[in-house]
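Work through the exercises below with the coordinates open. Try each task before reading its solution.

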Amino acid sequence: QVQLVESGGGLVQAGGSLRLSCAPSGRTFSSYAMGWFRQAPGKEREFVSAISWSGDFTYYADSVKGRFTISRDNAKNTVYLQMNSLKPEDTAVYYCALKIGSHTYIPQVQHEYNYWGQGTQVTVSS
């Protein structure tokens, strides 16, 4: 299997910023898209953002659009989620996910992804 390791979570005040990173290890693929999802206590896991293999296409949930930026550095096999202007409602466990290949897919659909990270906690205090 592929292991996805998230990092960069933590406790931050409202209005602050965090940058999450996700680095796959183990099995590798020639191309893959990456996504970020999050799950708050008592809520279902929801889509946050995604990026194509090329980086040419990015996708954002309406709730984070304009505040979060997804990017990737394929040379480092790393995807990033820059989170600015954080709000208490952003508090959740954030998961990165990998979809094998570079063909068209629906980035908001969780079942599109083949592998998932263990999650990293983001807590935004008021």
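The model is predicted: local features need pLDDT of at least 70, side-chain atom pairs count only at pLDDT 80 or more, and totals for chains, interfaces and linings use all residues. Residues are numbered from 1 along each chain as its sequence is written, and side-chain values use heavy atoms, with hydrogens and water left out.

**Exercise 1.** Give the strand order of the four-stranded open sheet.

Solution. Take strands as DSSP runs of E, at least two residues, numbered from the N terminus. Count two strands as paired if DSSP finds at least two bridges between them. The order is then β1-β3-β8-β7, with antiparallel pairing. β1 (2-7) and β7 (68-73) are at the edges with a single partner strand each, so one side of each lacks a neighbour in the sheet. Neighbouring strands are turned by 20 degrees against each other on average, direction ignored; the axes are lines fitted to C-alpha atoms, with angles from 0 to 180 degrees between N-to-C directions.

**Exercise 2.** Describe the pairing of β7 with β8.

Solution. β8 covers residues 78-83. The two strands pair in the antiparallel sense over six bridges. F68 sits opposite M83 of β8.

**Exercise 3.** Which loops hold N77 and S85?

Solution. Start with the general rule: most residues other than glycine have a negative phi. N77 has a positive phi of about 55 degrees and lies in the loop between β7 and β8. S85 has a positive phi near 50 degrees and lies in the loop between β8 and β9 (92-100). Now check accessibility. Buried means under 20% relative accessible area, exposed over 50%, partly exposed in between (1.4 Å probe, protein chains only). N77, at 36%, is partly exposed. S85, at 42%, is partly exposed.
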